[in-house]
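These are my notebook entries on a single model. I recorded what I looked up, entry by entry.

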Amino acid sequence: LGLMDSTVLVVLSDHGTSFGEHGSYATHEDVYDEVTRVALMMKHPSSKRWKARKINRIVQTIDVAPTILELVGLPVSGEVMGKSLVPLVESPWQARGLFAARGAKARQKPTSLGQGREKGVERRQAWDEAAVTVWKGTTAIRTPEWKLIANTSGPSELYSMSNDPGETQNLIDRYPRIAVMLRQKLEKEITSSQDSSRPRSR
């Protein structure tokens, strides 16, 4: 039928599954990476536009809908959460703002969260990408270097994802400044997403 020549194919999962990494088995009831990090594969019918490659960037599942809309030539409503990944795919070298901010200048100036050192921990990447997770009273923000988990019913957690990808050593007491900056960014993004999801008056 020739459908593959005119079809955008997307393969992804809504969540992963834990197998005892943090005390839970065969569930998705937390916000650790084994649950929140999922596969995302996309195929565009034009091989010239999208050559096969792996892009090592943090994106979010809410980015998929606006991406598909742009690829098929439909307008993206202001009520649609997330941002199109098309600019990221076509220019994977450019810095990616939170929620794939389209039109962001390449090589954005690093902030204090993404450069220099703090007590021996080197940060090799600018603050140019992050993902937010909200699940049953627990919120988390994940960057290439850090992950903050803010628990409403227990102590918060901070992990160095470059040195501890398994999230086994809570550094919340060792790096309080990083935790504060991440929490501020997390709260800002949650507020922004809540504002964008409210119905607009006509």
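I take a residue as buried when its relative accessible area is under 20%. By that cut-off I noted Lys147 and Glu167 as buried. The model is a predicted one.

Entry on salt bridges. I looked up the salt bridges and found a count of 3. Arg142 pairs with Asp33, with the closest N and O atoms 2.8 Å apart.

Glu167 sits in the loop between E10 and helix H4 (176-197), 20 residues from Lys147. I therefore recorded Asp33, Arg142, Lys147 and Glu167 as one network of salt bridges, a contact being within 4 Å.

Entry on the sheet. I traced 4 strands in an open antiparallel sheet, ordered E7-E8-E9-E10. Its edge strands are E7 (131-135) and E10 (157-160). Neighbouring strands are turned by 10° against each other on average, direction ignored. Between E8 (residues 138-142) and E9 (residues 146-151) I noted 5 bridges; Thr139 stands opposite Ala150 in E9.

I looked up a nonpolar patch of about 350 Å², made by Met4, Leu9, Val11 and Met41. Met4 lies in the segment before strand E1 (9-12) and is partly exposed, at a relative accessible area of 42%.

Notes
Residues numbered from 1 in each chain as written. Predicted model: local features only at pLDDT ≥ 70, side-chain atom pairs only at ≥ 80, totals over all residues. Heavy atoms only, no water. Pairing = 2+ DSSP bridges. Helix = DSSP H or I, 4+ residues; strand = E, 2+ residues; numbered from the N terminus. Axes fitted to C-alpha atoms, helices over the stretch in contact; angles between N-to-C directions. Patch = residues over 30% accessible without salt bridge, like charges linked within 9 Å, V, L, I, M, F, W, Y side chains within 5 Å. Areas by Shrake-Rupley, 256 points an atom, 1.4 Å probe, with all protein chains shown as cover. Salt bridge = Lys/Arg side-chain N within 4 Å of Asp/Glu carboxyl O. Buried < 20%, exposed > 50% of the residue type's maximum accessible area, 1.4 Å probe, protein only.
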